[in-house]
Amino acid sequence: MDITLKLAEEFGLAAHNAENCITLLDEGNTVPFIARYRKEQTGNIDDQVLREFSERLVYLRNLEKRKEEVSAAIEGQGKLTEEITAALSVAVTLAEVEDIYRPYKKKKKTRASVAIAKGLEPLADLILQQTEAKGDLTTLATPYVDAEKGVENEKDALAGASDIIAERVSDNAELRKRLRALFLKFGVLSTKAVKTDKEGGEVYETYADYQEPVSEIKSYRTLAVNRGEDEGFLRVKVEIDVDFAHRIARKTVVKAGVFTEEFLSNAADDGYDRLIAPSIEREIRNELTDRAEEQAIKVFEMNLKNLLMRPALKGKIIMGFDPGFRTGCKIAVVDPTGKFLDKTVVYPTQSSDKKKEEAKAILSGMIKKWKVDVISIGNGTASRESEQFISEMIQTENLSVSYIVENEAGASVYSASKIGKEEFPDFDVSERSAISIARRVQDPLSELIKIDPKSIGVGQYQHDMPEKRLDSALSGVLEDCVNAVGVNLNTASYSLLTYVAGLNSAIAKNIVEYREQNGVFTRRNQVLKVPKLGEKAYKQCAGFLRVADGENVLDNTGVHPESYPAAEKLLKTFSYTLKDVKNGAIGELRGKVAAYGVEKAATECGVGVPTLNDIVAELMKPGRDVRDKLEQPLLRTGAMDLSELKVGTVLKGTVRNVTDFGAFVDIGVHQDGLVHISELSDRFIRHPSEVVKVGDQVTVSVLSVDVKRQRIGLTMKNVQQSVKKQNA
């Protein structure tokens with residue numbers, strides 16, 4: 001297999017672009033660097049596709065390596081044939097390669113191996129070779145009766161021969177390949193409830209007596225079934241029509257009209273029932289699980305990326321509000337840079353009116369003292385009560401402040417973490433949580449990067465995923481987000497710097513230490529003085545590091561230092577200077593380049609067209625934040641209660657999570673409502689992500705309210721008609 005051509009075909013790339021991607025990855029270049037600064041070589045593929053390309057490259061290389069190992073192992077037994085070599089060469093999955101190797105693999109003790117040890121393999125061969133319509137199996141078996149070997153009579157001999165034939169049927173690679181395909185196409189997954197009296201079983205009521213074609217089952221159903229089985233609530237099977245499967249298995253050994261037909265049919269049936277069916281069922285379950293896990297990981301990646309890339313509330317003073325009952329609500333105020341200013345504890349969620357009045361006085365005083373712009377309320381325990389209190393306080397005290405209910409998932413993880421303790425060694429856990437809740441609306445990326453992504457709570461079944469695979473995928477998302485935004489070299493925490501292409505935690509800490517000892521960086525290339533940061537790492541990271549108000553305005557852009565000469569040449573061509581870039585006085589550059597000819601300008605500057613276009617975009621807006629063009633978070637000044645919701649009410653909300661079956665939307669009543677996939681759009685969609693993403697502000701209409709079960713059904717269909725009706 002030519003891996004380069006295979007990848008080019010699968011990813012829709014020209015062969016030379018695929019080859020370049022492979023070379024760049026093999027040279028140790030990072031995905032963000034390749035995607036951003038080697039567009040001409042890669043065909044301009046983005047970071048997500050490049051990661052998939054890299055993963056597929058690893059799989060195909062492992063596949064080729066395994067083929068070589070299997071070929072060598074079979075050849076070592078003196079059994080390698082042209083047919084086996086040909087079969088290996090066209091195998092496209094590891095499962096197919098293992099099927100080919102199965103007959104030659106050293107097996108543990110089996111019924112067939114026991115029969116072979118008793119000398120019954122020649123009898124099995126003899127039975128398979130029969131071509132006569134009439135004959136006698138007992139007569140064939142008589143010569144193989146040997147009490148010393150444990151073959152007491154002809155019946156024992158024939159039973160052993162049957163075991164050998166059954167295993168040969170099971171080891172037939174083509175048969176397994178065909179049956180596997182049939183299981184995937186026509187198989188049915190069924191579930192039955194067990195231990196129905198066990199606490200927690202009501203969660204799996206849907207699957208108490210459930211069937212669904214393997215070809216149609218949704219990923220989230222697969223994961224739900226798996227969890228129900230693991231917890232002992234469900235029994236799960238995957239089956240195809242047994243008679244149909246028997247007929248296919250029999251064709252591998254049975255000759256019609258021969259006296260051995262019934263014996264061989266029974267042996268083939270046994271091979272299917274006892275050996276093939278359980279094995280393939282496990283394979284299908286594993287394949288369904290792998291697919292479901294990959295889908296769940298993709299959904300988690302997508303949600304995490306959208307969450308991290310929410311626009312920052314820049315220039316705002318934020319009050320973090322960590323709700324609680326008995327222990328009170330922890331409050332922290334941070335300035336526009338995230339620097340801690342003040343903290344306190346109040347008790348507005350207790351029944352005492354005196355405590356509420358005290359809390360109102362303390363908080364309104366802090367808001368006025370620090371000129372707080374936004375209150376960020378954690379959405380955990382006592383959140384609804386806290387929101388109601390804040391809403392009333394804003395109205396009664398006539399405060400010019402708004403609030404937002406922020407997902408506090410992971411705040412406690414950060415608070416108890418090493419990073420949290422290093423940042424605020426003298427604070428208790430809940431006080432650190434209040435700071436985190438404030439900072440995560442101020443700059444989601446900078447704050448959430450400190451938390452284990454699995455604790456952020458924007459996935460589905462993420463805690464059931466293979467940890468290594470999930471960590472790898474989520475690390476890729478963190479890396480892509482950090483490098484897409486870029487980091488301020490003089491303010492970034494080491495947690496943020498760790499995810500810059502080419503850096504690791506050790507180098508990141510060294511950068512922070514160097515900064516503390518030597519003052520701010522005034523040029524990008526000064527990071528070369530940082531211990532352990534050499535030329536190779538600098539090449540990877542330089543374009544993603546920003547130096548605001550430094551000596552060279554290009555250091556505050558996404559232009560890579562290797563392209564500085566090209567940027568300066570471009571500016572000179574159109575009579576601009578670096579000072580003009582800093583002053584924002586090159587607004588006509590894009591138009592001038594277009595009139596001059598993009599390809600001509602690129603050639604003269606010594607770069608490709610994609611790189612030239614990137615340079616132009618960066619020069620026109622140095623220090624730009626790609627998140628600024630996104631919709632700002634929805635801020636509130638009033639709260640609602642779940643009991644106040646009415647069917648048909650139209651509300652504005654924020655998408656908190658997207659799953660395979662719908663989107664959860666915060667509409668300001670503490671409990672998120674579900675917009676089922678069928679209610680997201682008037683047109684057919686395959687996945688909710690085609691319509692919404694985490695952080696989107698959407699207009700919804702209430703479909704149903706179940707106060708007892710705390711469930712809200714929402715729709716985004718025909719909302720405009722609902723608005724007109726509501727306003728009528």
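The largest cavity holds about 60 Å³ of space, where a cavity is a set of points on a 1 Å grid over the protein atoms alone at which a 1.4 Å probe fits but cannot get out. A volume here is the space filled by probe spheres set on the points. The model is predicted, so local features need pLDDT of at least 70 and side-chain atom pairs pLDDT 80 or more, while totals for chains, interfaces and linings use all residues. Residues are numbered from 1 along each chain as its sequence is written, and side-chain values use heavy atoms, without hydrogens and water.

The structure has 2 cavities of 30 Å³ or more.

A pocket is an open set with protein on both sides within 12 Å along at least five of seven lines. The space in the largest pocket is about 1,400 Å³. It is lined by 41 residues, and Y461, F661, F664, L674 and R711 are the closest to its centre. Helix α13 contributes the most to this lining, 4 residues.

Helix α20 (residues 429-442) spans 20 Å from first to last C-alpha, close to the 20 Å expected (1.5 Å times one less than its number of residues). Because 13 of its 14 residues are buried, α20 is largely enclosed by the rest of the structure; buried means under 20% relative accessible area with a 1.4 Å probe, protein chains only.

N556 lies in the loop between β10 (545-546) and α26 (564-573). N556 is buried, at a relative accessible area of 18%. Beyond its neighbours within four places in sequence, N556 contacts (heavy atoms within 4.5 Å) R546, V547, A548, P622 and G623.

There are 12 aromatic pairs, counted when ring centres of Phe, Tyr or Trp (its six-membered ring) lie within 6.5 Å; planes under 30 degrees apart are stacked, over 60 edge-to-face and the rest tilted. F33 and Y37 form a tilted pair, 5.9 Å centre to centre with 45 degrees between the planes. These two residues are 4 apart in helix α3 (residues 31-37), so about one helical turn separates F33 and Y37. Y514 and F521 form a stacked pair at 5.5 Å and 20 degrees.

Notes: 1 Å grid on protein atoms, 1.4 Å probe; cavity = no way out; pocket = protein on both sides within 12 Å on 5 of 7 lines; lining within 4 Å. Buried < 20%, exposed > 50% of the residue type's maximum accessible area, 1.4 Å probe, protein only.
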